[in-house]
Amino acid sequence: MASAFHRLIHWLETKEYREARAKDHNQWLDNVDLRPVPVKDRTYGWKDYFWFWLSANATPASFYGVNAALAAGLSPWEALAVQLGGQIMIATVFCFNGRAGAVYHIPYPSIARASFGVWGAYWPVVNRVVMTLVWTGVNAVQGGQCAYVLLHSIFPSIAEIPDVFPKGLSALNSGGMIGFMFFWVITTCLLHIKIPKLKPYMYTKLVLFFACAIALLAWALTQAGGIGPVARQGSTIEGSDKSWAVAQYVFIYCANGATYATNAADFLRYAQKPKDAFWPQLVGFPLSTFIIGLIGNLIVSSSVITMGELVWNPVDLMDMMLTKDYSSGTRAGVFFISLGFLISSVISSIFENSIPAGNDLAALWPRFITIRRGFYIAAIISYAMCPWYILGSASSFVAWLASYQIFLSSITGVLLCQYFIISRGQFIIPDLFTSAKAGVYHYSNGWNYRAYVAYLIGIIPNFYGFLGVFGVNITTPARRMYYFAYPMGLVLSFFSYWAINIIDPPKAYQVRGEWREPADYFETDVEEQRTVVEEADVGSNNDRKTEGKEGITEKDGAST
């Protein structure tokens, strides 16, 4: 029996773990997916990243966010403006927080160990895993809706299946669940494609989505009598209510990208050069959301004229158009547009959800989970969490968007401070993957209390407002203060972490000193790693010879 159990364990172990075990690598901290990307797989240049963001946001799910502001009463142009403002803010955070990934080519879970400790980083990773799994499910629901509309254009009887879901609570009916499973199976079957080989799919998706989005826009505006009546629609709120709605949605759209900002390294680690991973993100991310938001705004706004109500989901609008006129022309138009949206959603789910989920899950137990296995685990869990209830209405979706930001903003603040202030741009890569006490990131039994204190300081002021999102009766000032939860949490955690490190500096760290970031990082063997670090520290040789706050670590001979 014991022999059979051991054979099962050996079979479940990853090939990477078995190869690494010979090198005495830790089963909880190390596998090849968590280490720097090999040079041959660093295939993304600045053009690729620019088009990546246009492609990443080229999905029907991107329509949801900006359309939620319309549902709150803002005009199409006001909704577009607040979205652009929020996305510029989060793109800035994204670029700076992704810098460590672009230089050292390691994922978010590995980077989190530098600040939270090699064992303490598990909690930030779990935080990020939760958000990733929810986003995976949300994207699957949107893709399932596209699949349902496609099937509806072929089989009218699918709309007549009795609905078993509570009315008004689910984004899917019984027919929509068939579409969801259709989408889920297709996506899961494509998870075997290796990340560096996904670029052709990225460009295919971009072309398909914009062709279909523009076709739907032209169709919707034609039925509404042109762009004039749509563009002239005003807001339905005014005065202080409007001012607070603007403030709320600027920061909701900022927080909407909190997942990207937190795990930016998961995308930017594949950069050919670190400089390729800054401007394309800073420009491409808000530009892509602006373009797609403009199209989505006009499509949704047209529904007020054609349907007599605001249909905030363009895919639902297509289904309503189909129900209203089930002619061969309408069926053909809906079929091809929904097919393009379906393909876009499949590719988007892999790029934006499966990759971060795979990285995060691989960090939880490297002995048994690789990025690829993480893809499939995420697919199963995202189905089990019933994401169709999250998208049941604009209000429920916005409530979810607003809720988790307080945890991610505090993590991001700590990560930014660690890299730019505490580490001065220098990570000792071997020490990110060892539990040895001599390791720089071992701190106290693998946990860095400084990071956790700063994390809690960033959360506490926002927690009361967080409860209000889920129905707890809170005061109006508290509710409005919560609009600013993301920047508040980030700033508080950043500066509190800095202050604690000044008051109680960890061993072998300089809180002050020259910038120590290498031009780029190449991992071959320990000796060459030492060379890279030493080249980054030219002029500091005397300081490195002293142990203590400005000392050295003996682990792998890595200097700090």
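Helices here are DSSP runs of H or I with at least four residues, strands are runs of E with at least two, and both are numbered from the N terminus. On that basis the protein has 25 helices and 0 strands.

Two remarks on where the values come from. This is a predicted model, in which local features need pLDDT of at least 70 and side-chain atom pairs count only at pLDDT 80 or more, while totals for chains, interfaces and linings use all residues. Residues are numbered from 1 along each chain as its sequence is written, and side-chain values use heavy atoms, with hydrogens and water left out.

Next, burial. Buried means under 20% relative accessible area, exposed means over 50%, and partly exposed is in between, with a 1.4 Å probe and protein chains only. Of the 560 residues in the protein, 59% count as buried. For contacts, the criterion is heavy atoms within 4.5 Å. Among the contacts with a separation of 6 or more, 83% come from residues 24 or more positions apart.

Now the helix packing. Axes are lines fitted to C-alpha atoms, for helices over the stretch in contact, and the angles run from 0 to 180 degrees between N-to-C directions. Angles under 35 degrees count as roughly parallel, over 145 as roughly antiparallel, 65 to 115 as roughly perpendicular, and the rest as oblique.

I start with H9, residues 174-189, and H17, residues 328-364: their axes come within 10 Å and cross at roughly 50°. That makes H9 oblique to H17. As for handedness, a crossing is left-handed if the near helix is turned anticlockwise from the far one by less than a right angle, and right-handed if clockwise. H9 passes H17 in a right-handed crossing. On the H9 side the contact uses Phe182, Phe183, Ile186 and Thr187, and these meet Leu342, Ser345, Val346, Ser349 and Ile350 in H17. By type, the residues of this contact of H9 with H17 are 6 nonpolar, 3 polar and no charged. The classes are as follows: Ala, Val, Leu, Ile, Met, Phe, Trp, Tyr, Cys and Pro are nonpolar, Asp, Glu, Lys and Arg are charged, and the others, Gly among them, are polar.

H9 also packs against H18, residues 371-384, with axes that come within 11 Å and cross at roughly 170°. H9 and H18 are therefore roughly antiparallel to each other. Phe180, Met181, Trp184 and Thr188 of H9 make this contact with Tyr376, Ala379, Ile380, Ser382 and Tyr383 of H18. The residues of the contact of H9 with H18 comprise 7 nonpolar, 2 polar and no charged.

A further pair is H8, residues 122-154, and H16, residues 314-324, whose axes come within 10 Å and cross at roughly 15°. That makes H8 roughly parallel to H16. The crossing of H8 and H16 is left-handed. Residues of H8 in this contact include Gln142, Tyr148 and His152, while those of H16 include Asp316, Asp319 and Leu322. The contact of H8 with H16 divides into 6 nonpolar, 5 polar and 2 charged residues.

On to the aromatic rings. Rings of Phe, Tyr and Trp (its six-membered ring) pair if their centres lie within 6.5 Å; planes under 30 degrees apart are stacked, over 60 edge-to-face, and the rest tilted. The structure holds 42 such pairs. Tyr44 and Tyr49 form a tilted one, at 5.5 Å centre to centre and 40° between the planes. Both Tyr44 and Tyr49 are buried. The rings of Phe494 and Phe495 have centres 5.1 Å apart and planes at 70°, so that pair is edge-to-face. Phe494 is buried, at 16% relative accessible area, whereas Phe495 is partly exposed, at 48%. Ring pairs also link a cluster whose members include Phe96, Trp279, Phe427 and Trp515.

Trp11 sits in H1, residues 2-12, and counts as exposed at 64% relative accessibility. Trp11 and Phe368 are 357 residues apart in sequence but 9.5 Å apart in space, C-alpha to C-alpha.

Cys386 is not a glycine, yet has a positive phi of about 55°. Cys386 lies in the loop between H18 and H19 (394-403) and is partly exposed, at 29%. Asn445 likewise has a positive phi of about 55° without being a glycine. Asn445 is in the loop between H20 (405-422) and H21 (449-469), and is exposed at 56% relative accessible area.
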